[in-house]
Amino acid sequence: MVPSRLLLVDDHALFREGLAGLFAYQDDFDVVGEAGDADMALAQTAELKPDIVLMDIDMAGEDGIAATRRLKLAFPDVIIVMLTVHDATDKLLEAIKAGAQGYLVKNIRSTELLEQLRGLTRGEAAITRRMAARILEEFQRGQRVTEVPDESSSQDLTARELEVLELVAGRLSNREIAARLVISEHTVKNHLKNILGKLHLRSRRQAADYGLARGWLRNPESSA
């Protein structure tokens, strides 16, 4: 069996050394290089032609998700697996959208890490059941938003509620929204409660998606 060629991308040298030590005892993996930032990862991928890139998210300068987008654009066949401390659904979804074929949290056991990576050679995604459940939940949530009867209009919401919803779409927290609009967090929560009640939805994310889908809100980037 030809071993899978690995590139380790993490700005912590000690962590990379630990991973390299783990793979050194595996006949089916060969660490061909290491990188501490996005630019080095791109250069190493071009030079070493790894099969799999293990990518951290938090790195000095460009983060791992942005680096993944660049890598997949330049080398669409390379397999990228995020290996990160972030156990958060938004980061998971961003990484998958950027082109990652796996998302593993650093507290994973070494045996499970190896098994997940071996699954890649069988065409499987390197992702735990818990993370897979989150992706399914987000997909189902999106389906529920699109299936809600279109009986609400932007006129049902006040101008202030639309402002709040637009900032929610920009992924601002309640505290950040309060600071942006010069109101209290309690007032922000009341606005969100009213928005959800008027739209008959259960979460702020659903409400933001609903508003964006109907053209009530500007692009989130313009609200950030």
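Analyst: First, a definition. A cavity here is a set of grid points where a 1.4 Å probe fits but cannot get out. Also note that this is a predicted model.

User: Fine. How many cavities of 30 Å³ or more does the structure hold?
Analyst: One.

User: How much space lies in the largest cavity?
Analyst: About 40 Å³.

User: Which residues line the largest cavity?
Analyst: Leu8, Val9, Asp10, Phe15, Arg16, Leu19, Leu54, Met55, Asp56, Leu83 and Lys106. By class, that lining has seven nonpolar residues, four charged and no polar.

User: Which element gives the most to that lining?
Analyst: α1, with three residues. At least two residues each come from β1 (4–9), α1 (13–23) and β3 (52–55).

User: Back to Lys106. Where does the charged end of lysine 106 sit?
Analyst: Over the ring of phenylalanine 15, 4.2 Å from the ring centre. Phe15 and Lys106 are both among the residues lining the largest cavity.

User: Switching to aromatics. How many aromatic pairs are there?
Analyst: Two, counting rings whose centres lie within 6.5 Å. One of them joins tyrosine 210 and tryptophan 216. Their centres are 5.5 Å apart, with 75 degrees between the planes.

User: Why is the pair of tyrosine 210 and tryptophan 216 edge-to-face?
Analyst: Because planes over 60 degrees apart count as edge-to-face, and this pair has 75 degrees.

User: Are tyrosine 210 and tryptophan 216 buried or exposed?
Analyst: Both are buried.

User: What sits over the ring of tyrosine 210?
Analyst: The charged end of arginine 214, 3.6 Å from the ring centre.

How values were computed. Residues numbered from 1 in each chain as written. Predicted model: local features only at pLDDT ≥ 70, side-chain atom pairs only at ≥ 80, totals over all residues. Heavy atoms only, no water. Phe/Tyr/Trp six-rings, centres within 6.5 Å; stacked < 30°, edge-to-face > 60°. Buried < 20%, exposed > 50% of the residue type's maximum accessible area, 1.4 Å probe, protein only. Lys NZ or Arg CZ within 6 Å of the ring centre and 35° of its normal. 1 Å grid on protein atoms, 1.4 Å probe; cavity = no way out; pocket = protein on both sides within 12 Å on 5 of 7 lines; lining within 4 Å. Points joined across faces, edges and corners; volume = space filled by probe spheres on them. Helix = DSSP H or I, 4+ residues; strand = E, 2+ residues; numbered from the N terminus. Nonpolar A, V, L, I, M, F, W, Y, C, P; charged D, E, K, R; others polar.
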